[in-house]
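Subject: Handover of a protein model

Dear colleague,

Please find the structure below, followed by an account of what was found in it. I would be grateful if you would read the two side by side.

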Amino acid sequence: GPNGSTNREPIMEARLITLPTTTPVSLQEAKDHLYLTADTYNDDLARKLDEAVDYCQRRIGGRRQFCAATYDLILDAFPDDGVDDRITLPYPPLKNVSSIRYYNSTGGQSYCGSSGGSTGSSTAWVQVIPGERPGYVAPAFGKVWPTTRVRPDAVTVRFVAGSTSPTTIPPSLTAAAKLKLQHLCAPERIEETTQEKAIDNLLGCNDYGHYA
């Protein structure tokens, strides 16, 4: 194909660039859940809260992102299977795509035209954000992805995934994070197998399944 591929799916890797600036469960909510009033262990509690959220994000089917974070999706080529040239982005929900850059055929780095870019550009692309489902980018109507240099990091899609406000995160996800936090802080309160089953049931309400 024109992108150095042979009608195959590109090899891809997602890298975290910027951590979330908010959490789905505030420190005060965590303290209330654990019936804590003193501030003595706030730092340790905040660390365990991050661990609980990360655990839930990794455990949920489809690897949903709770609070907004920036990622780079690295591909060894643009899609070129002759049928579907979209690039599906992991960690839904997709907030926005910041840029698409690639190594051109001469080895220099170029940027594709921005979303809704110039109609005269062969690299113009559009982003599709289908609510809570995985979003994707694709060439604009009548356009094609550009030719890339053959290298493992030929294409980089930078995007923001997750909710910008904790209030928009489904309550079932915050409940799961609180249960995991309880296990990390006070495992004696409930039998682990029972708690893990409850966490999985809550996460299952938002399971996207395998899509990447």
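L19 counts as exposed because its relative accessibility is 61%; exposed means over 50% relative accessible area, buried under 20%, and partly exposed in between, with a 1.4 Å probe and protein chains only. The model is a predicted one, in which local features need pLDDT of at least 70 and side-chain atom pairs count only at pLDDT 80 or more, while totals for chains, interfaces and linings use all residues. Residues are numbered from 1 along each chain as its sequence is written, and side-chain values use heavy atoms, with hydrogens and water left out.

L19 sits in the loop that links strand 1 to helix 1. Helices (H or I, at least four residues) and strands (E, at least two) are DSSP runs, numbered from the N terminus. Leaving aside residues up to four places away in sequence, L19 touches A68 and A69, where contact means heavy atoms within 4.5 Å. The C-alpha atoms of L19 and Y71 are separated by 9.0 Å, although the two residues are 52 residues apart along the chain.

**Overall composition**

The protein has 4 helices and 8 strands, in the order β-α-α-β-β-β-β-β-β-β-α-α from the N terminus on. Of its 212 residues, 44% count as buried. Among contacts between residues at least 6 apart in sequence, 74% join residues at least 24 apart.

An open sheet is formed by 5 strands in the order 1-2-8-4-5, with antiparallel pairing; two strands pair if DSSP finds at least two bridges between them. Its edge strands, each pairing on one side only, are strand 1 (12-18) and strand 5 (109-111). On average, neighbouring strands of this sheet are turned by 25° against each other, direction ignored; the axes are lines fitted to C-alpha atoms, for helices over the stretch in contact, and angles run from 0 to 180 degrees between N-to-C directions. Strand 1 is joined to strand 2 (residues 69-75) by 6 bridges, and R15 stands opposite D72 in strand 2.

A further open sheet, also antiparallel in its pairing, has 3 strands in the order 3-7-6. Strand 3 and strand 6 are its edge strands. Strand 3 (residues 87-88) pairs with strand 7 (residues 136-139) over 2 bridges, and T88 has Y136 as its bridge partner. Strand 6 (residues 125-128) pairs with strand 7 over 4 bridges, with Q127 opposite V137.

Helix 2 (residues 42-59) has 18 residues and reaches 25 Å from its first C-alpha to its last, close to the expected 26 Å; the expected span is 1.5 Å times one less than the number of residues. Its buried residues are N42, L45, K48, L49, A52, V53, C56 and Q57. Their cover includes helix 1 (27-33), helix 3 (171-185) and helix 4 (192-204).

Helix 2 also provides the largest share of the lining of the largest pocket, 5 residues. That lining comprises 18 residues, of which L19, P20, D54, Q57 and Q65 lie nearest the centre of the pocket. On a 1 Å grid over the protein atoms alone, a pocket is an open set of points where a 1.4 Å probe fits, with protein on both sides within 12 Å along at least five of seven lines, and lining residues have an atom within 4 Å of a point. The volume of the largest pocket is about 430 Å³, taken as the space filled by probe spheres set on the points, which are joined across faces, edges and corners.

Yours sincerely
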